[in-house]
Amino acid sequence: MNDTEDREPNRNTSYGHKPFKRSRSHFADRITADGRDGWPVEAGRYRLVVSRACPWASRALVSRRLLGLESALSLAIADPIQDDRSWRFTLDKGGKDPVLGIGFLSEAYDAREHGYPGGVSVPAVIDVPTRALVTNDYQRITLDLATEWTELHRPGAPDLYPERLRDEIDEVMDGIYRDVNNGVYRAGFASGQGEYEAAYVDVFHRLDLVSERLAGQRYLVGDTITEADIRLFTTLVRFDAVYHGHFKCNRSKLAEDPVLWAYVRDLYQTPGFGDTVDFDHIKRHYYQVHTGINPTGIVPLGPDLSGWRTPHHREQLGGRPFGDGTPPGPVPPGEEVPAGGRP
């Protein structure tokens with residue numbers, strides 16, 4: 001997650017005071033089976049850096065779990081509260097990542113390109129031997145995990161980007177990215193009434209279309225979980241907790257749409273989805289970091305999270321979450337979401 005174009009001091013106070021622009025992924029190298037960009041798929045070589053607060057990074061968390069890549073691609077979890085030196089490893093003993101030996105993600109960016117002036121974003125994949133960034137291309141990372149890392153997938157891993165459905169998946173994801181994934185940010189960080197209202201309309205227009213689509217089918221494309229569901233889930237799971245109030249996307253709560261509320265609970269209760277979600281990290285990041293739109297830094301106590309475990313009845317629509325595959329195994333030791341972040 002990075003929503004600015006530079007590393008200027010106090011950048012978080014600028015939210016809501018200048019037009020929002022999503023930064024492009026400057027480092028777009030790919031880790032592939034054939035290593036054509038110089039980065040071959042190799043177990044143990046790379047480290048995935050995420051924040052559980054970030055929806056873009058959370059895609060990679062879900063994909064890694066579903067595909068069973070935990071032992072092949074190690075995980076670093078950043079503190080949800082950033083400072084002007086970027087994402088911090090203050091959750092780790094001594095304030096440094098135990099594998100990379102760095103205190104700030106910016107150090108891996110600088111190791112790749114010294115003096116790089118752009119934003120420091122997650123997800124980021126780091127080359128462990130050199131401690132240098134490989135890629136921060138959040139749009140591509142999960143697609144490559146699904147299609148290039150297949151030799152390291154667990155037995156029974158689902159096909160998250162089936163070739164026969166890719167055109168439809170891409171079309172669905174394009175609308176969701178533009179109007180929902182990015183739309184909530186355009187609304188939340190809008191610097192003018194017109195800019196905000198246009199984004200607000202886009203968000204709810206797309207959510208209405210998605211709700212209609214999901215009324216008669218369990219998943220967005222086909223009868224199994226795909227990349228499209230992962231990308232929608234990571235925004236929907238944050239909607240009532242932060243986007244409804246903090247980003248002023250308040251026409252209605254997600255819990256007030258019977259279809260979307262059942263759909264997101266279905267996914268949340270599916271192994272690999274909810275077990276990666278930390279509501280504490282999510283709320284503290286948005287409300288305490290975005291000081292430009294929440295200058296007090298007060299984190300709301302609500303909403304009530306108990307509904308996330310209630311029956312959804314989406315299985316009545318059919319569908320098989322993992323297709324011919326199987327659910328992922330238990331969360332690896334040390335990667336569990338703390339009790340304070342769970343319903």
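Student: Which backbone oxygen does the side chain of T135 reach?
Tutor: The side chain of T135 reaches the backbone oxygen of F27 at 3.2 Å, a polar contact being a pair of N or O atoms within 3.5 Å where, within protein, one must be able to donate a hydrogen and the other to accept it, and where residues adjacent in sequence count only if both atoms are side-chain atoms. This is a predicted model, in which local features need pLDDT of at least 70 and side-chain atom pairs count only at pLDDT 80 or more, while totals for chains, interfaces and linings use all residues. Residues are numbered from 1 along each chain as its sequence is written, and side-chain values use heavy atoms, with hydrogens and water left out.

Student: And which backbone nitrogen does that T135 side chain reach?
Tutor: That of D137, at 3.0 Å.

Student: Is T135 buried or exposed?
Tutor: T135 is buried, with a relative accessible area of 4%; buried means under 20% relative accessible area, exposed over 50% and partly exposed in between, with a 1.4 Å probe and protein chains only.

Student: Switching topic, how many salt bridges does the structure hold?
Tutor: It holds 25, where a salt bridge is a side-chain nitrogen of Lys or Arg within 4 Å of a carboxyl oxygen of Asp or Glu. One of them joins R65 to E70, with the closest N and O atoms 2.9 Å apart, and both of these residues are buried.

Student: Which residues are linked in a network?
Tutor: Salt bridges link R30, D34, R36, R140, D144 and E148 in a network.
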